[in-house]
Structure formats: C-alpha cells, structure tokens
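Me: I'd like to learn how to read charged pairs and strand pairing in a model like this one. Can you walk me through it?

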Amino acid sequence: MHGQLGGDGDGRGRSHTVGTDDAGPPGHRDFVELARFNAGSVGVFRCGPYESPWEIHAHDDELLFVLEGEVVLTVLTEGDPIVATVGPGEAFVVPKGHWHKHEVAERLVELYATPGGTVHADPGVEDPREI
C-alpha cells in the first residue's frame with residue numbers, strides 16, 4: 001500500500017509505504033502511524049494470529065477498515081455484545097465509550113483512524129466493565 005498525505009510543513013506530508021506481504025508469526029503485531037489525528041492517529045495495523053486486550057476510546061468513535069485478512073471484532077454494550085466479522089474492503093465504526101477487542105485467526109492488515117486517546121485493560125481481563 002502506498003499513500004500520499006497532504007502536509008503543512010510539520011512533517012505530516014510524508015509519503016508512506018506500508019508492506020502487506022507478511023503479517024508475521026503468531027502474536028506478532030506492527031503499528032505504522034501515518035499521521036497524527038487530533039489527539040490520536042491514523043495508521044496501519046498488521047498482525048498474524050492474535051487476540052488483543054480490551055480497549056476503549058472514551059471521547060471519540062474509531063474507524064477500522066480491513067485491507068487484507070479478516071478480523072472478528074467484539075464490542076461490549078449494555079445488552080448483548082456486538083460481534084462482527086470484518087473482511088477486506090469492509091469498514092467498522094467502534095462507537096465511543098465502548099470496550100472492544102480484535103480476534104485474528106490468520107492475518108490482518110487494517111487501516112485505523114483513532115482521533116482520541118486509548119485505554120487498554122490488562123491482558124486476561126474477561127469483562128473490563130467490571131473493573
């Protein structure tokens with residue numbers, strides 16, 4: 001993948017090349033930040049088989065767009081969890097204030113736009129709403 005970002009002299013106008021050929025071995029994760037986005041960032045996340053810890057963005061929605069592979073996203077709500085399988089060319093918006101996680105069986109290359117901060121639960125926590 002190759003993209004050109006517009007810039008204003010602050011270094012955000014760089015061109016970035018992000019390889020998608022190898023997402024890596026199980027447990028491998030690679031984040032490439034393309035640009036700052038308000039208090040967060042826009043970037044590409046690559047991984048092999050992986051289950052993320054729960055995370056939440058208290059003040060902003062997060063956009064996830066799958067470039068290659070597939071991910072099962074689980075979003076905790078006040079009712080039943082939302083579980084969505086997202087594949088290449090598909091997008092998912094995680095609503096602000098909701099804990100969510102990624103489960104990748106094989107590989108994933110995903111564009112993310114996270115305009116605000118992120119809080120992660122400790123690994124192994126089953127339901128972060130209870131902490």
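Me: Let's start with Glu33: is it buried or exposed, or something in between?

Reply: Keep in mind that this is a predicted model. Glu33 is partly exposed, because its relative accessible area of 39% lies between the 20% and 50% cut-offs.

Me: And which side chain does Glu33 meet in a salt bridge?

Reply: The general idea first: side chains of opposite charge can pair when their charged atoms come close. Here the partner of Glu33 is Arg36, at 3.3 Å from N to O. Arg36 counts as partly exposed too, with 42% relative accessibility.

Me: How many salt bridges turn up if you search the whole structure?

Reply: Five. One of them joins Arg46 and Asp30, again at 3.3 Å, N to O. That pair ties together distant parts of the chain, 16 residues apart: Arg46 sits in strand β4 and Asp30 in strand β3.

Me: Why does Arg46 count as buried?

Reply: Its relative accessibility is 14%, and buried means under 20%, so Arg46 falls in that class. Asp30, at 24%, is partly exposed.

Me: What about Glu51 and Lys101, how do their side chains meet?

Reply: In a salt bridge of 2.7 Å, N to O. This one also links distant parts of the chain, with Glu51 in strand β5 (residues 50-51) and Lys101 in strand β11 (residues 100-104), 50 residues apart. Lys101 is buried, with a relative accessible area of 13%, while Glu51 counts as partly exposed at 47%.

Me: Now the sheet. In what order do the five strands run?

Reply: In general, strands of a sheet pair through backbone hydrogen bonds, either parallel or antiparallel. In this case the sheet is open, the order is β3-β4-β12-β7-β10, and the pairing is antiparallel. At the edges you find β3 (29-37) and β10 (91-94), each of which pairs on one side only. On average, neighbouring strands of this sheet are turned by 20° against each other, direction ignored.

Me: Could you zoom in on a single pairing? Over how many bridges do β4 and β12 pair?

Reply: Seven, in the antiparallel sense, with β4 covering residues 40-47 and β12 covering residues 108-114. For a spot to look at in the viewer, take Cys47: Leu108 in β12 stands opposite.

Terms used. Residues are numbered from 1 along each chain as its sequence is written. This is a predicted model: local features need pLDDT of at least 70, side-chain atom pairs count only at pLDDT 80 or more; totals for chains, interfaces and linings use all residues. Side-chain values use heavy atoms; hydrogens and water are left out. Two strands pair if DSSP finds at least two bridges between them. Helices (H or I, at least four residues) and strands (E, at least two) are DSSP runs, numbered from the N terminus. Axes are lines fitted to C-alpha atoms, for helices over the stretch in contact, and angles run from 0 to 180 degrees between N-to-C directions. A salt bridge is a side-chain nitrogen of Lys or Arg within 4 Å of a carboxyl oxygen of Asp or Glu. Buried means under 20% relative accessible area, exposed over 50%, partly exposed in between (1.4 Å probe, protein chains only).
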